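Hi there,

Here is the structure I promised to pass on. My notes on it follow below.

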Amino acid sequence: MSANLSAFLYLVAGVLFILSLRGLSSPASSRQGNLFGMIGMAIAVATTLASHPPADGLAWLLVILAVAIGGSIGAVIARRVPMTSMPELVAAFHSLVGMAAVLVAAGAFYAPEAFDIGTPGNIHPQSLVEMSLGVAIGALTFTGSVIAFLKLSARMSGAPIILPFRHVINIALAAALVFFIVGLVLTGSAFDFWMITILALALGVLMIIPIGGADMPVVISMLNSYSGWAAAGIGFTLGNSALIITGALVGSSGAILSYIMCHAMNRSFISVILGGFGGETAAAGGGTGEQKPAKLGSADDAAFIMKNAQKVIIVPGYGMAVAQAQHALREMGDILKKEGVEVKYAIHPVAGRMPGHMNVLLAEANVPYDEVFELEDINSEFAQADIAFVIGANDVTNPAAEEDKTSPIYGMPVLQVWKAGTVMFIKRSLASGYAGIDNPLFYRDNTMMLLGDAKKVTENIVKAM
Amino acid sequence: MEHAAQVVDPFIFRLSIFVLAVFVGYFVVWSVTPALHTPLMSVTNAISSVIVVGALLAVGVGMVSSGSGWARGFGFVALIFACVNIFGGFLVTQRMLAMYKKKSK
């Protein structure tokens with residue numbers, strides 16, 4: 001295959017990847033978009049195999065073996081993973097992209113002739129620059145994603161881990177990283193290559209451990225972005241346009257998602273990265289909570305009130321995901337709709353642990369997507385609603401964000417559930433949310449607290465209907 | 001100043017592709033509906049595994065020098081990781097997207 005033809009085919013693959021993201025502009029076109037992505041990937045792989053066929057029989061065997069192993073693991077995971085675990089799955093996948101970038105760079109370093117970037121020990125300096133950026137970002141993405149995975153899957157505490165002098169340590173590591181990148185470009189030594197890898201691996205861990213659980217939507221988007229930049233770095237090394245285009249797409253996609261998440265929390269990207277937020281839980285909010293009386297309700301009360309309502313807006317949050325309450329919730333919605341009640345769902349951008357997490361869970365429970373609304377589209381409707389049914393969400397409904405200038409979340413856009421006739425809160429306790437802030441809504445006259453596991457309470461309401 | 005003999009470094013072409021693709025990405029991603037942000041992440045994950053082309057090059061290298069064996073080893077592991085991601089990423093995205101339904105009338 002001529003070099004021009006293969007370059008053209010890589011371009012076609014890149015365009016198909018653009019179209020696959022374009023398809024996600026609406027659920028109707030999204031499935032076709034995903035198909036474009038698969039075709040693009042198939043073209044990229046076929047082009048590589050045709051233009052640079054594996055050198056001998058053993059190499060072919062290794063290729064087939066790796067595709068069979070990796071492909072079947074991937075297929076099984078994709079089929080089995082519960083939708084509530086999507087955030088940790090995505091984090092795990094990010095870590096694989098990061099590690100693959102490191103390994104490909106290592107492969108290119110040890111066999112530069114196969115990548116047309118020089119000969120062993122004599123690689124073009126420019127390729128070394130691109131390679132070192134790819135390997136550094138890749139390694140950082142790898143360990144960062146592993147930590148994010150551990151935090152999201154609760155294998156590690158979500159509380160921020162604050163090391164003394166962490167900023168000094170990080171700056172020192174970054175400086176050392178630059179030092180070894182310069183060293184690698186000047187000398188091309190393997191020692192420098194592996195020092196870059198090790199330092200970037202350490203930096204990835206140190207960057208993510210101080211970030212608390214509530215900031216995970218930002219972290220996971222940020223790592224998404226990094227995995228793209230790592231791929232782009234390798235794309236420059238290989239001179240492969242499919243990889244460069246994809247890296248740029250993914251990099252900007254993750255960056256935009258991080259921006260949207262930060263904006264929805266009214267936090268600057270820098271303050272999230274510096275970390276320490278999202279961990280000052282309980283202590284601050286728990287103490288003041290007990291003194292004020294909250295109105296507790298039963299499932300029967302809730303069922304009765306809702307059946308007699310005209311309009312109910314349901315506000316799901318992370319608690320719904322943890323309790324797997326989405327199916328019971330949809331059942332409740334169905335009964336209400338049969339009774340002639342108008343049911344809508346309101347979703348805050350940072351509800352859950354990753355962008356769009358709640359939408360996927362509701363879709364899984366067969367909630368039609370045209371009943372699910374974003375913050376800006378539904379906020380004006382709470383005033384006309386009889387009931388706001390808040391299930392497993394807290395901070396995103398906190399009126400202090402609009403009313404209390406001293407509140408740490410002041411200025412964050414929130415769902416104005418308090419404007420509804422009655423607010424029902426399903427929560428495990430009166431404790432504060434992730435941000436560690438007391439929610440004054442719990443103690444208002446038109447608020448009814450339904451304490452207990454989100455799924456059980458919803459099921460009881462369904463029974464009482 | 002020589003004119004005719006000037007050759008543009010291929011790096012500049014790559015950089016042009018990169019910069020333009022960042023802009024394309026910017027506009028395409030802003031048009032993605034927020035309801036599909038999770039599938040967006042899983043599909044970007046899958047397509048960033050196009051790094052598989054690098055893994056294929058590394059694993060398929062001819063055994064010409066002492067480094068070749070290492071390259072094959074690294075490439076083999078990278079290929080497994082990339083394939084987990086490609087198959088896992090696209091299939092889980094497909095599974096998610098299949099769940100998004102409109103109101104049945």
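How much area is buried between chain B and chain A, and what part of it do carbon and sulfur atoms give? The answer is about 8200 Å², with 79% from carbon and sulfur atoms; buried area here is the accessible area (1.4 Å probe) that two parts lose on being put together, summed over both.

Before the rest, some housekeeping. This is a predicted model, in which local features need pLDDT of at least 70 and side-chain atom pairs count only at pLDDT 80 or more, while totals for chains, interfaces and linings use all residues. Residues are numbered from 1 along each chain as its sequence is written, chains are lettered from A and ligands numbered from 1 in the order in which they are written, and side-chain values use heavy atoms, with hydrogens and water left out.

**The interface**

Chain A brings 110 residues to the contact and chain B brings 82 (contact means heavy atoms within 4.5 Å). The rule finds 19 residue pairs in polar contact across the interface, both at pLDDT 80 or more (N or O atoms within 3.5 Å; within protein, one able to donate a hydrogen and the other to accept it, and residues adjacent in sequence counting only if both atoms are side-chain atoms). On the side of chain B that touches chain A, helices H1 (10-30), H2 (37-48), H3 (52-59) and H4 (66-99) each supply at least two residues (helices are DSSP runs of H or I, at least four residues, numbered from the N terminus). H4(B) gives the largest share, 29 residues.

There is 1 salt bridge across this interface (a side-chain nitrogen of Lys or Arg within 4 Å of a carboxyl oxygen of Asp or Glu). It joins the side chains of Asp56(A) and Arg72(B), at 2.8 Å from N to O.

**A lysine in chain A**

Lys151(A) sits in helix H5 (residues 125-152) of chain A. Lys151(A) is buried without a salt bridge, and the nearest side chain of opposite charge, Asp215(A), is 9.4 Å away (buried means under 20% relative accessible area, exposed over 50%, partly exposed in between, with a 1.4 Å probe and protein chains only; Lys and Arg count as positive, Asp and Glu as negative, and His and the chain ends are not counted). What does the side chain of Lys151(A) have a polar atom close to, at 2.9 Å? That is the backbone oxygen of Ile209(A), and the backbone oxygen of Ile211(A) lies 2.8 Å from a polar atom of that side chain.

**Positive phi**

Phe165(A), not a glycine, has a positive phi of about 55°, and lies in the loop between H5 and helix H6 (166-187) of chain A.

Best wishes
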